Amino acid sequence: MKIGVVSDTHRMNRFIDKAIPYLKECDLIIHAGDNFVDSKYIHNMTNVGIMAVRGNCDFENVEEELEFEVENKKFFICHGDRYGVKYGLYDLEKKAESIGANIVVFGHTHTPLIKEKNNIIYINPGSTSLPRGVNYRSFAILEISDDNVSVEEVRL
């Protein structure tokens with residue numbers, strides 16, 4: 001299964017559009033907030049199912065966190081602001097461990113990160129629109145086949 005991972009798109013369709021050709025080839029897309037309305041735009045442009053959460057810049061009455069399973073992997077999705085991810089991953093790691101997550105997707109920092117700790121994969125796809133700490137826009141592609149998981153950062 002191929003999963004597109006985006007976050008912090010901030011209603012900048014001209015940048016989101018650069019990711020659309022990649023996302024069209026996915027089986028699922030995850031949007032980790034800011035701006036939730038962009039998840040609808042991405043779905044309309046790709047016709048791919050999307051799981052999305054509210055970020056700190058969103059006002060829609062939607063979930064701030066999601067837990068679900070795909071290919072026998074438990075996902076935890078959040079924006080990250082409520083876990084203080086700008087200051088480290090300690091609180092997010094504790095949450096992930098407490099719920100038995102295998103894969104955690106978050107945003108908020110606008111800085112891409114792919115990390116594994118204690119058999120949990122943490123993915124921050126960066127921002128397709130307003131990168132911080134790097135000089136490129138980004139998102140990620142997650143692939144799950146059999147019991148193997150791989151994550152690729154895609155630079156725009």
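## An aromatic pair

Both Phe 68 and Phe 75 are buried in this structure, which is a predicted model. A search of the whole structure finds three aromatic pairs, and one of them is formed by these two residues: the ring centres of Phe 68 and Phe 75 lie 5.2 Å apart with their planes at 5°, so the pair is stacked. The angle matters to that description because planes under 30 degrees apart count as stacked.

## The five-stranded sheet

Five strands make up an open sheet in the order E3-E2-E1-E9-E10, and the pairing within this sheet is mixed. Its edges are formed by strand E3 (50-52) and strand E10 (148-155), each of which pairs on one side only. On average, and with direction ignored, neighbouring strands of the sheet are turned by 20° against each other.

Strand E9 (residues 138-145) and E10 run antiparallel and are joined by eight bridges; within this pairing, Ile 141 stands opposite Glu 152 of E10. Helix H1 (residues 13-23) packs on the sheet, where it touches strand E1 (2-6), strand E2 (28-31), E9 and E10, and the direction of H1 makes about 15° with that of E9.

## Helix H2 and its buried side

Helix H2 (residues 36-46) has Phe 36, Asp 38, Ser 39, Ile 42 and Thr 46 as buried residues. These residues are on the same side of H2, because they cover an arc of only 135° around the axis. An α-helix has 3.6 residues a turn, so residues three or four places apart point the same way.

The cover over the buried residues of H2 includes E1, H1, E2 and E3. After H2 comes Asn 47, with a positive phi near 60°.

## Helix H3 and its two faces

In helix H3 (residues 90-99), the buried residues are Leu 92, Glu 93, Ala 96 and Ile 99. They span an arc of only 140° around the axis, and therefore lie on the same side of H3. Tyr 90 and Ser 98, by contrast, are exposed and sit on the face of H3 that is turned away from its buried side.

Among the elements that cover the buried residues of H3 are strand E4 (65-70), strand E5 (73-78), E6, E7 and E8. The residue that follows H3 is Gly 100, whose phi is likewise given as positive, near 75°.

Asn 124 belongs to strand E8 (residues 120-124) and counts as buried because its relative accessibility is 1%, where the limit is under 20%. Its side chain reaches the backbone oxygen of Thr 111 at 3.5 Å, while a polar atom of the Asn 124 side chain lies 2.9 Å from the backbone nitrogen of Gly 126. Apart from neighbours within four places in sequence, Asn 124 is in contact with Phe 106, Gly 107, Thr 109, Thr 111, Pro 112 and Leu 113.

His 108 is placed in the loop between strand E6 (103-105) and strand E7 (113-117), and with a relative accessible area of 11% this histidine is also buried. The side chains of His 108 and His 79 make a polar contact at 3.3 Å. When neighbours within four places in sequence are left aside, the residues in contact with His 108 are Ser 7, Asp 8, Asn 56, His 79, Gly 80, Asp 81, Val 85, Lys 86 and Arg 132.

Note on methods
Residues are numbered from 1 along each chain as its sequence is written. This is a predicted model: local features need pLDDT of at least 70, side-chain atom pairs count only at pLDDT 80 or more; totals for chains, interfaces and linings use all residues. Side-chain values use heavy atoms; hydrogens and water are left out. Two strands pair if DSSP finds at least two bridges between them. Helices (H or I, at least four residues) and strands (E, at least two) are DSSP runs, numbered from the N terminus. Axes are lines fitted to C-alpha atoms, for helices over the stretch in contact, and angles run from 0 to 180 degrees between N-to-C directions. Contact means heavy atoms within 4.5 Å. Buried means under 20% relative accessible area, exposed over 50%, partly exposed in between (1.4 Å probe, protein chains only). A polar contact is a pair of N or O atoms within 3.5 Å; within protein, one must be able to donate a hydrogen and the other to accept it, and residues adjacent in sequence count only if both atoms are side-chain atoms. The arc is that of the directions from the helix axis to the C-beta atoms. Rings of Phe, Tyr and Trp (its six-membered ring) pair if their centres lie within 6.5 Å; planes under 30 degrees apart count as stacked, over 60 as edge-to-face and the rest as tilted.
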